[in-house]
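Subject: Structure handover and findings

Hello,

Please find the structure below. My notes on it come after.

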Amino acid sequence: IAVNAPFSKTPYVGQTIADGAALAASKAAVDVNGVKYRFRIKRYDTGLSPSVAARNVRKAIADGAVAVVDEGTGVDASWQFARDVDVPLAVTYQGGEGLIDAAKRPNVFRIAPTDHGMAFRYAEYLIPKKLKVALITDDSSYGQEGAKALDEAFSENMDSVATKLTVPSDAPDLSPQV
């Protein structure tokens with residue numbers, strides 16, 4: 001099982017995904033005609049680059065991957081390679097709803113909550129508490145998908161939102177904006 005994640009750019013994300021995949025693989029086995037097969041994990045570093053992520057999926061398939069666990073970077077560019085050889089691609093980090101479409105991308109699955117689901121649960125929890133919240137997202141595509149979900153979740157009760165702020169995704173320090 002290939003883990004396609006940003007180990008060098010955001011190691012906490014990559015390591016968490018790899019650890020979860022390794023835990024699942026350690027508990028799983030497949031029996032084929034009386035022969036038991038166990039899974040092993042192989043890591044591929046995306047460096048948060050969609051083109052590298054797509055190359056990694058091609059390499060993983062060439063290396064014999066039976067599935068790809070992906071943080072989401074590059075899914076737009078790589079899902080077809082996996083589809084063409086019947087390899088499932090499981091998105092486990094990016095929560096934008098546009099990544100998963102059963103009709104267009106039948107081999108792409110989500111194994112983590114969507115931005116939509118998390119945002120609505122967050123709003124459902126906070127609004128009754130009568131708290132004022134600041135919604136801070138970054139300007140990356142991932143951040144903008146989250147901002148869209150938060151806007152929808154809080155749209156019925158904007159009184160709960162004190163401010164909405166978009167910050168640069170590459171800023172070394174967000175103190176000035178915050």
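This is a predicted model: local features need pLDDT of at least 70, side-chain atom pairs count only at pLDDT 80 or more; totals for chains, interfaces and linings use all residues.

Residues are numbered from 1 along each chain as its sequence is written, and side-chain values use heavy atoms, with hydrogens and water left out.

Overall make-up

The protein chain has five helices and nine strands. Helices (H or I, at least four residues) and strands (E, at least two) are DSSP runs, numbered from the N terminus. Along the sequence their pattern is β-α-β-β-β-α-β-α-β-β-α-β-α-β. Taken along the principal axes, the C-alpha atoms fill a box of roughly 60 × 35 × 30 Å. Of the 178 residues in the protein chain, 37% are buried. Buried means under 20% relative accessible area, exposed means over 50%, and partly exposed is in between (1.4 Å probe, protein chains only).

Pockets

Rolling a probe the size of a water molecule over the atoms shows where empty space is left. Here a pocket is an open set of points on a 1 Å grid over the protein atoms alone, where a 1.4 Å probe fits, with protein on both sides within 12 Å along at least five of seven lines; lining residues have an atom within 4 Å of a point. Grid points are joined across faces, edges and corners, and a volume is the space filled by probe spheres set on the points.

The largest pocket holds about 600 Å³ of space. It is lined by 24 residues, and T73, Q94, S140, S141 and Y142 are the closest to its centre. Helix 1 (11–27), helix 3 (75–84) and helix 5 (141–154) are the elements that give two or more residues to this lining. Helix 5 gives the largest share, three residues. By type, the lining of the largest pocket has nine nonpolar, ten polar and five charged residues. For this count, Ala, Val, Leu, Ile, Met, Phe, Trp, Tyr, Cys and Pro are nonpolar, Asp, Glu, Lys and Arg are charged, and the others, Gly among them, are polar.

The second largest pocket has a volume of about 240 Å³. Its lining consists of 15 residues, with I1, R40, G64, A65 and V66 nearest the centre. At least two lining residues come from each of strand 2 (29–32), strand 3 (35–38) and strand 4 (42–45). The lining of the second largest pocket divides into ten nonpolar residues, one polar and four charged.

Surface patch

V30, V32, V35 and Y37 make up a nonpolar patch on the surface, with about 320 Å² of accessible area together. Strand 2 and strand 3 are the elements that give two or more residues to the nonpolar patch. A patch is made of residues with over 30% relative accessible area and no salt bridge, nonpolar side chains (Val, Leu, Ile, Met, Phe, Trp, Tyr) being joined within 5 Å. Areas come from the Shrake-Rupley method with a 1.4 Å probe; for residues, only the protein chains shown count as cover. V30 lies in strand 2 and is partly exposed, at 36% relative accessibility.

Salt bridges

Side chains of opposite charge can pair when their charged atoms come close. A salt bridge is a side-chain nitrogen of Lys or Arg within 4 Å of a carboxyl oxygen of Asp or Glu. The whole structure has six salt bridges.

In one of them, D63 pairs with K42, and the closest N and O atoms are 3.0 Å apart. D63 is in the loop between helix 2 (50–62) and strand 5 (68–70) and K42 is in strand 4, so this pair ties together parts that are 21 residues apart in sequence. D63 is partly exposed at 31% relative accessible area, and K42 is partly exposed at 34%. D63 also forms a salt bridge with K59 (2.9 Å, N to O). K59 is partly exposed, at 45%.

R83 and D84 form another salt bridge, with 3.0 Å between the closest N and O atoms. R83 is partly exposed at 34%, whereas D84 is exposed at 54%. Through shared partners, salt bridges join K42, K59 and D63 into one network.

Backbone angles

L48 is not a glycine, yet has a positive phi of about 65°. L48 lies in the loop between strand 4 and helix 2 and is partly exposed, at 41% relative accessible area. K130, also a residue other than glycine, has a positive phi near 60°. K130 lies in the loop between helix 4 (115–126) and strand 8 (133–138) and is exposed, at 73%.

Regards

Conventions. Patches are made of residues with over 30% relative accessible area and no salt bridge: like charges are joined within 9 Å, nonpolar side chains (Val, Leu, Ile, Met, Phe, Trp, Tyr) within 5 Å.
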